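Subject: Structure handover

Hello,

I am passing on the structure we spoke about. Please open it next to the notes that follow.

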Amino acid sequence: MAVQSPTYQQRKAAADRARYGTLAAAPLTTKQIHDQQRPNSTQRGYGYRWQKARLVHLAEHPLCATHLERGETVAATVVDHIVPHKGDPELFWDPENHQSLCKPCHDAKTATEDGGFGRAGGRGGESLQVAGPRPYLSSRFFERNNQGGVLKDG
Ligand SMILES: [Zn+2]
């Protein structure tokens, strides 16, 4: 027999198309279009709430914390998680875990967490020296704190 009658799934799909087709074709709202045009942070799980928290933190702490430790004044543009949150919402939203950084300092820190000594299982103190935001810290500091990626207390 060459022709089969539609399966249940096929019939249901046809019914759904008939029922929801007009909805699917409805024009997007301005907000939906806006969201489609800037999917980045929202898709990464940050979203509007983080954008607000970030702006508040930068307003209160406008200077790069890493540079500040060296007595240098550099405007911060990034709010960093001191302890990598790795998807943990408690670490993510804890204001005590936020610090303002300039982009070069943030990039350097992220590099050590993602591809550097943190997970490589090796020493990799070299890459930090290259990145160079904290040249005064010995590589032993990072080796000591190399368990679980915690770079800083508190
Ligand atoms: Zn900096």
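Helices (H or I, at least four residues) and strands (E, at least two) are DSSP runs, numbered from the N terminus. Over residues 116–154 the pLDDT is below 50, and this stretch has 36 contacts in the model beyond near neighbours in sequence. Two residues are in contact if their C-beta atoms, placed from the backbone, lie within 7 Å. Where pLDDT is low, the predicted coordinates should not be read in detail. For the protein, the mean pLDDT is 73, and 56% of residues reach 70 or more.

This is a predicted model, in which local features need pLDDT of at least 70 and side-chain atom pairs count only at pLDDT 80 or more, while totals for chains, interfaces and linings use all residues. Residues are numbered from 1 along each chain as its sequence is written.

The protein has 10 helices and 2 strands, in the order α-α-α-α-α-β-α-β-α-α-α-α along the sequence. Of its 154 residues, 14% count as buried. A residue is buried if 20 or more other C-beta atoms lie within 10 Å of its own, exposed if 12 or fewer, and partly exposed in between, with C-beta atoms placed from the backbone. In helix 4 (residues 47–60), the count of buried residues is 0 among 14.

Strand 1 and strand 2 pair in the antiparallel sense over 4 bridges; strands pair if DSSP finds at least two bridges between them. His98 in strand 2 is the bridge partner of His81. His98 and Ser100 point one way from strand 2, Gln99 and Leu101 point the other way, and all are buried.

Leu101 also belongs to the largest nonpolar core, together with Cys64, Ala76, Cys102, Cys105 and Ala108. Such a core is a set of buried Ala, Val, Leu, Ile, Met, Phe, Trp, Tyr and Cys residues joined through C-beta atoms within 7 Å. Leaving aside residues up to four places away in sequence, Cys64 touches Val74, Ala76, Ser100, Leu101, Cys102 and Cys105.

Lys86 lies in the loop between strand 1 (78–81) and helix 6 (89–93). Lys86 is not a glycine, yet has a positive phi of about 45 degrees. Most residues other than glycine have a negative phi. Lys86 is exposed, with 11 other C-beta atoms within 10 Å.

Regards

How values were computed
Expected span 1.5 Å × (residues − 1). pLDDT = per-residue confidence, 0-100.
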